[in-house]
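Have a look at the structure first, then read on.

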Amino acid sequence: MTQTLSDYTPAKVWTWDKESGGRFANINRPVSGATHDKDRPVGQHPFQLYSLGTPNGVKVTIMLEELLEAGVSDAEYDAWLINIGEGDQFSSGFVAVNPNSKIPALMDHSEDPPVRIFESGAILTYLAEKFDRFLPTERAARAECLSWLFWQVGSAPYLGGGFGHFYAYAPMKIEYAIDRFAMETKRQMDVLDKRLAEHEFIAGDTLTIADFAIYPWYGGMARGILYDAAEFLQVESYEHVLRWAKQLAERPAFRRGQLVNRTWDDKGLAERHSAADFDGKL
């Protein structure tokens, strides 16, 4: 399907009278709230994660696995699958944890009353502060880490919602849209490449939540596992991002975290309830 510049003129008032098309058309809608009643499951561990193994979900499972790897047993968690293709994120139970109906969402049952946390950046910060790990306490170092965390939160929509959508998922190839978001994606990769040319990790010489946030998106792009776009974006040219991504990919906790709530191949775990669930997967 092709489109000329004269095919579409916006109406004075936008109305939702047809599906937008593309891979996720069946779950896109202009209103919020639950579409059906369904209780969310609750396991035995302090943390209950409701997620999917997308880059945003992987941020949190990597952090939880890194906490456990560091000996923080209080970070044990159950990870429940939220199948966004089937609309699980619009269940009443999930909306009660995240009114925005996006994964991931986390409940901390070690607190009384239990605490809900939604948005991946907020979850990473909450866990880092709760366990005093992976977020520097010295003011300048903390500011650097949080600056990069918020950089990722602000930049990822250009990579995922912009480039990824128009390059891989949109029902038509629009040259202007692809060029616009490819340019921004490459600029962001260049920002990271220059930073990682001077530092081992994103925020400096220590692994932090900034790495957990940025790796699933930009590390995945550098490793050629997002949108089948490695050749198109010439990701091999970002040598320092690639070095960093390969280094992190070898960490046991990163390897485990990337398997949780992963359903599109036989390598992953639809759910995770104990370390034993990884047996035979690594």
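## A walk through the model

The UniProt record, an unreviewed entry, carries the annotation "domain: GST N-terminal" for residues 48-135. Keep in mind that the model you're looking at is predicted.

Now zoom out to the protein chain. Its nine helices and four strands follow one another from the N terminus as β-α-β-α-β-β-α-α-α-α-α-α-α. The radius of gyration is 19 Å, close to the 19 Å the globule rule gives for 282 residues, so the chain is as compact as a globular protein of that length. The C-alpha trace spans about 60 × 50 × 40 Å along its principal axes.

How much of the chain is buried? Of the 282 residues, 47% count as buried. As for contacts with a separation of 6 or more, 66% are between residues 24 or more positions apart.

Helix H5 (residues 175-196) and helix H8 (residues 239-249) have axes 7 Å apart, at an angle of about 75°. Angles of 65 to 115 degrees count as roughly perpendicular, and H5 and H8 are therefore roughly perpendicular to each other. Here is who makes the contact:

| Helix | Residues in the contact |
|---|---|
| H5 | Met 189, Leu 192, Asp 193, Leu 196 |
| H8 | Glu 239, His 240, Val 241, Arg 243, Trp 244 |

Sorted by type, the residues of this H5 and H8 contact are five nonpolar, one polar and three charged.

Terms used: Residues numbered from 1 in each chain as written. Predicted model: local features only at pLDDT ≥ 70, side-chain atom pairs only at ≥ 80, totals over all residues. Heavy atoms only, no water. Axes fitted to C-alpha atoms, helices over the stretch in contact; angles between N-to-C directions. Helix = DSSP H or I, 4+ residues; strand = E, 2+ residues; numbered from the N terminus. Parallel < 35°, antiparallel > 145°, perpendicular 65-115°, else oblique. Contact = heavy atoms within 4.5 Å. Nonpolar A, V, L, I, M, F, W, Y, C, P; charged D, E, K, R; others polar. UniProt positions renumbered as here; feature names shortened; annotations may be inferred. Rg over C-alpha atoms; globule rule 2.2 N^0.38 Å. Buried < 20%, exposed > 50% of the residue type's maximum accessible area, 1.4 Å probe, protein only.
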